[in-house]
Amino acid sequence: TGVQTCALPIYTMREAEATLRSGYNKEARDPWGESEKESQADILLKLIDDFEYFKSGPANDAYVRMVIGDHKEVWKVDPKAPKVREVLTYRFLMEKDRAPSREALNTVVDTVLAKCGAGPKVDVYVRFARSSKAIYLDMCDEQWRAIEITASGWRVINNLPVLFRRGVGARPLPVPTRAGALDALRPLVNSGDNSQWLLMLAWLVGTFQPDGAFSHLVLNGEQGSAKSTTALVLLSMIDPSYIGLSGPPKDRSEERRVG
């Protein structure tokens, strides 16, 4: 019997190191070693740790409360969720210096909706809210502050114990001042005699009751008697809006009579 021999190639140390590096790709790594690179959706999910999830209303609409700057804001969530997407995009941009993909945003918005559905059911208010001890008036300003009104007085607060959402076109209320008087309002409205003026004041006070029976203020008068101006002034006192006034519905066929 003969012995066969073959010549083995001779590698330099540099060639051997290059061969090892080329073979040490992601598939060849220890599965219990370094974790794989995070996806954009995973990064976005870490950026919503401050979100609080709620549902509200008969349809269990989804809401989140999130930290924006030095305050918290409440926003409704749906599949489009423009505000949530705006916040997520900004946070991802600050983290990675680029915008996330649409697919990653869709995945995270779906996750937020699911968490809202599993969250507690709460009351979400527009402009007015009431607890057992206080009435709250949303100022609709950039700091999301509200006026807390109690039996002992009022104050402007930042950390609200109730949830407010912003109505379409809501304008901010000015910071109130003390030692004012409602008599300063009377020259700005066509209130007629004292009895009609008292009715206007009673209506203004009644608007601070977010629940229960509501009174409706009807302004009657001939053309040019400042009905629209009076309505706008009264509205601007409690709920200013860029939308302005609206007329009664043209189709009144669905109105119900209460006997």
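Student: What makes Tyr90, Leu93 and Met94 a nonpolar patch on the surface?

Tutor: Patches are made of residues with over 30% relative accessible area and no salt bridge, nonpolar side chains (Val, Leu, Ile, Met, Phe, Trp, Tyr) being joined within 5 Å and like charges within 9 Å. Tyr90, Leu93 and Met94 form such a patch, with about 320 Å² of accessible area together; areas come from the Shrake-Rupley method with a 1.4 Å probe, and for residues only the protein chains shown count as cover. This is a predicted model: local features need pLDDT of at least 70, side-chain atom pairs count only at pLDDT 80 or more, and totals for chains, interfaces and linings use all residues. Residues are numbered from 1 along each chain as its sequence is written, and side-chain values use heavy atoms, without hydrogens and water.

Student: Why is the contact between Lys83 and Glu86 called a salt bridge?

Tutor: A salt bridge requires a side-chain nitrogen of Lys or Arg within 4 Å of a carboxyl oxygen of Asp or Glu. The N to O distance for Lys83 and Glu86 is 3.5 Å, so the pair meets the definition.

Student: Why is Lys83 called buried, and how is Glu86 classed?

Tutor: Buried means under 20% relative accessible area, exposed over 50%, and partly exposed in between (1.4 Å probe, protein chains only). Lys83 has 18% and is therefore buried, whereas Glu86, at 48%, counts as partly exposed.

Student: What makes Arg127 and Asp239 a salt bridge?

Tutor: Their side chains meet at 2.7 Å, N to O. The pair links distant parts of the chain, 112 residues apart. Arg127 counts as buried because its relative accessibility is 2%.

Notes
Helix = DSSP H or I, 4+ residues; strand = E, 2+ residues; numbered from the N terminus.
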